[in-house]
Amino acid sequence: MGSGASRNPDTGFHGSDEREEHAGGQLYVSLKMENYKLKGDLIPHVYGSVPLVGSWDSSKALSMERESASMWELSFVVPPNHETLDFKFLLKPKNSNVPHIVEEGPNRLLTRGTLQGDARLALFKLNADQVLEYRVFIKADRVSPFDLAASWRAYQENLQTSTVRGIPDVSISSVPEMNVENVSSASLELDIEHYVVPAPPNSGLVYAANMTETPRSMTRAGVFSNTDGSGSSSHSYKDGGASTDRPVTIKKMEVIVPEPSKAYPPSGMVESKSVGTFSPFQKQDSHRGLFVDRGVGSPTLVKSASATTFTIGPEPNSAAKNSMPAAAGAVAAAAVADQMLGPKEDMHLAIVLVGLPARGKTFTAAKLTRYLRWLGHDTKHFNVGKYRRLKHGANLNADFFRGDNSEGMGARNEVAALAMEDMIAWMQEGGQVGIFDATNSTKERRNMLMKMAEGKCKIIFLETLCNDRQIIERNIRLKIQQSPDYAEEPDFEAGYQDFKTRLDNYEKIYEPVEEGSYIKMIDMVSGHGGQIQVNNISGYLPGRIVFFLVNTHLTPRPILLTRHGESRDNVRGRIGGDPELSDAGELYAKKLANFVEKRLKNERAASIWTSTLQRSILTANPIAGGFPKIQWRALDEINAGIFDGMTYEEIKKNKPEEYDSRKKDKLRYRYPRGESYLDVIQRLEPVIIELERQRAPVVVVSHQAVLRALYAYFADRPLKEIPHIEMPLHTIIEIQMGVTGVQEKRYKLMD
């Protein structure tokens with residue numbers, strides 16, 4: 001969470017002197033009160049001025065949440081240079097304003113995460129003879145904008161006020177808690193592993209290269225027949241993205257991705273609707289709280305002194321006429337691509353990987369393939385190593401990869417040409433994007449590929465460079481453990497030394513990309529900053545690819561997907577609507593809270609994402625732990641249009657032709673005045689970009705159709721399967737993302 005505050009042992013308060021040296025970011029403030037002699041049903045509350053509460057009406061005071069038997073807490077997010085918060089504590093019952101007892105003494109003033117004036121206890125005069133004392137604590141942590149970015153545009157397009165609570169941002173809950181006392185503690189106690197259920201087949205860890213395209217040219221020629229059955233299937237539909245009026249070509253651009261603690265917009269500023277400018281944060285008097293979105297949070301792309309080079313500047317100049325569009329706000333993904341890189345092009349595109357072994361090429365290729373397929377672009381991943389193993393076997397020692405081994409070089413170029421021929425043939429049959437995965441470490445090899453592609457497809461080189469020796473060492477060890485090249489090598493150390501020798505052979509002849517169109521990813525895999533250099537890139541789809549690569553990384557973290565608890569309409573069999581939870585749904589909400597608090601107890605930067613529908617919000621409401629709760633309109637259930645609130649039996653009876661149309665093609669069927677699954681996928685792209693960008697765990701509490709689409713992305717399921725993916729109630733799907741790929745684990749908390 002960035003730089004923490006220091007504790008003053010004499011007062012119990014936390015200061016923030018060192019934070020004043022930094023600009024921007026957000027402060028995550030936690031107010032706490034402690035008392036071991038609680039008085040009846042009187043609960044600590046906070047009331048005061050904008051922006052914390054917005055009213056000195058005691059009936060609108062914010063309730064503090066119980067953290068332990070003696071401790072109460074209220075947390076919120078503010079800019080570091082926020083206006084002074086003027087407030088007081090009071091005691092009153094949870095759902096009543098009588099009696100209410102205001103603390104003695106002057107108002108408290110909070111500035112930059114620090115209470116002003118002399119530290120003092122909170123004193124409540126119960127009667128003439130009895131005074132209740134509370135110790136007061138405050139802690140303020142810097143929140144990196146990579147974890148909590150204020151984006152006004154993202155708020156307008158993805159968030160809206162909920163009927164459950166009037167705060168469309170980080171939760172400062174003013175909703176009465178569910179009556180947890182009605183459920184026995186035994187029924188809520190969770191042994192996490194006890195609830196594990198089998199995941200679907202093929203959801204385990206698979207070596208990425210084995211999931212690439214089957215070498216069909218070698219099979220046709222009788223060179224070697226494939227027996228592993230691992231080919232990747234294609235899934236497509238026509239993308240309907242908008243285009244701009246005229247094409248734009250970027251000759252050379254450099255995008256620097258700073259470390260999270262160093263990159264954020266100026267304090268008190270958020271991205272405006274006008275592209276490339278920032279404006280002061282707009283206050284919303286009708287809402288209590290601050291508008292917060294987990295936007296991309298990258299600095300604005302600013303045109304440099306050179307007419308052909310673009311660099312990132314931490315303080316954008318809103319007056320610059322030729323400023324590049326900001327990349328802050330995940331919802332702007334397609335718009336950024338359109339305005340930055342011109343209109344969509346109807347053409348065949350080859351993404352040719354370049355880089356030394358153990359630099360994450362195959363994993364990057366697999367992620368990019370999965371993303372483009374999910375968007376509906378017909379994409380296949382061609383791995384040259386797979387061709388080599390099929391033709392020459394897997395047990396080749398490091399000498400085969402020497403630069404002075406003419407026989408080995410010839411054999412490797414031969415299989416590279418076979419893979420390229422297969423990819424071009426597939427494109428001529430209708431394929432759109434081919435990912436060509438190999439080291440391609442010399443200009444001679446790359447020139448061969450460009451000559452083969454002339455007049456048939458456009459080539460963009462994607463070079464991955466890594467200078468972090470620890471990451472390289474980790475990748476080498478993973479390679480020895482997972483690669484088919486070492487599957488029959490029982491001695492790990494022998495395999496390790498052979499691969500190190502192979503790597504030395506490649507390094508001796510390696511030539512960085514300087515020709516053609518290219519994207520260079522420099523030290524991006526660590527997830528702690530890096531650079532992307534872009535040269536001679538044009539077109540809508542290449543721009544989308546650049547945006548995806550800017551926001552992706554290999555930092556391990558879990559993503560937990562779950563449907564809301566059972567709703568009253570679930571019980572009645574009705575679709576859509578905005579119903580409340582059933583009794584079973586309320587019980588699940590409590591069990592989910594228990595699960596999340598245990599599973600993520602050491603993950604302070606985790607966040608909870610919900611839709612704007614109350615069944616989703618109510619399910620997440622009991623989750624404590626201080627996790628920010630973010631509402632996305634993009635996570636709302638599929639819009640059933642005129643059928644909202646009906647059962648499928650009623651639709652079949654009243655609109656049989658619509659019922660039959662949906663049954664024939666659930667993927668493309670659009671509810672009258674509503675949405676199709678393809679529509680849902682398009683509106684979920686910003687969510688996917690944001691999930692890829694996150695470095696901390698995320699819990700997504702959403703709806704069946706939405707979670708089917710999200711799950712299909714991570715599991716790389718074909719589009720046609722999405723409407724039929726099983727997404728049971730009261731079950732948590734944990735997606736583990738990291739350097740080894742995507743793994744899945746399921747927990748069923750209730751039947």
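Colleague: Where does R673 lie?
Modeller: R673 sits in the loop between α16 (656–664) and α17 (677–693). Helices (H or I, at least four residues) and strands (E, at least two) are DSSP runs, numbered from the N terminus. This is a predicted model, in which local features need pLDDT of at least 70 and side-chain atom pairs count only at pLDDT 80 or more, while totals for chains, interfaces and linings use all residues. Residues are numbered from 1 along each chain as its sequence is written, and side-chain values use heavy atoms, with hydrogens and water left out.

Colleague: What is phi of R673 near?
Modeller: Phi is near 60° for R673, a positive value in a residue other than glycine.

Colleague: Is R673 buried or exposed?
Modeller: R673 counts as exposed because its relative accessibility is 78%. Buried means under 20% relative accessible area, exposed means over 50%, and partly exposed is in between (1.4 Å probe, protein chains only).

Colleague: Which loop holds D716?
Modeller: D716 is in the loop between α18 (704–715) and β28 (731–738). D716 is not a glycine, yet its phi is positive, at about 55°. With a relative accessible area of 31%, D716 is partly exposed.

Colleague: Let me step back to the whole chain. How many helices and strands does the chain have?
Modeller: There are 18 helices and 29 strands in the chain. The chain has 751 residues, and buried residues make up 57% of them.

Colleague: And what share of the contacts comes from residues 24 or more positions apart?
Modeller: Among contacts in the chain with a separation of 6 or more, 74% are between residues 24 or more positions apart. Contact means heavy atoms within 4.5 Å.

Colleague: Now the helix pairs. At what angle do α7 and α8 pack?
Modeller: Helix α7 (residues 406–428) packs against helix α8 (residues 443–453) at an angle of about 30°, and their axes are 11 Å apart. That angle makes α7 roughly parallel to α8. Axes are lines fitted to C-alpha atoms, for helices over the stretch in contact, and angles run from 0 to 180 degrees between N-to-C directions. Angles under 35 degrees count as roughly parallel, over 145 as roughly antiparallel, 65 to 115 as roughly perpendicular and the rest as oblique.

Colleague: Which residues of α7 meet α8?
Modeller: From α7 they are R412, N413, A416, A417, M420, E421 and I424, which meet R445, M448, L449, M452 and A453 in α8. By class, this contact of α7 with α8 has 8 nonpolar, 1 polar and 3 charged residues. Ala, Val, Leu, Ile, Met, Phe, Trp, Tyr, Cys and Pro count as nonpolar, Asp, Glu, Lys and Arg as charged, and the others, Gly among them, as polar.

Colleague: What about α9 and α10, how far apart are their axes?
Modeller: The axes of helix α9 (residues 469–482) and helix α10 (residues 492–509) are 10 Å apart, and the two helices pack at an angle of about 120°. α9 and α10 are therefore oblique to each other. In this pair, E473, I476, R477, K479, I480 and Q481 of α9 meet F492, G495, Y496, F499, K500 and L503 of α10. The contact of α9 with α10 divides into 6 nonpolar, 2 polar and 4 charged residues.

Colleague: Which residues of α5 meet α18?
Modeller: In α5 these are R370, Y371 and W374, and they meet A709, A712, Y713 and F714 in α18. This contact of α5 with α18 has 6 nonpolar residues, no polar and 1 charged. Helix α5 (residues 361–374) and α18 pack at an angle of about 145°, with axes 8 Å apart.

Colleague: Different topic. Where is N35 found?
Modeller: N35 is in the loop between β1 (26–34) and β2 (43–48). N35 counts as buried because its relative accessibility is 7%.

Colleague: What does N35 touch?
Modeller: Not counting residues up to four places away in sequence, N35 touches S70, L132, E133 and Y134. A polar atom of the N35 side chain lies 2.2 Å from the backbone oxygen of E133.

Colleague: Which strand does I519 lie in?
Modeller: I519 lies in strand β22 (residues 518–522). At 2% relative accessibility, I519 counts as buried. Leaving aside neighbours within four places in sequence, the residues in contact with I519 include I460, F461, L462 and E463.

Colleague: Last one: is the peptide bond from V98 to P99 cis or trans?
Modeller: The bond from V98 to P99 is cis, with omega near -10°. P99 lies in the loop between β6 (85–92) and β7 (101–102).

Terms used: A polar contact is a pair of N or O atoms within 3.5 Å; within protein, one must be able to donate a hydrogen and the other to accept it, and residues adjacent in sequence count only if both atoms are side-chain atoms.
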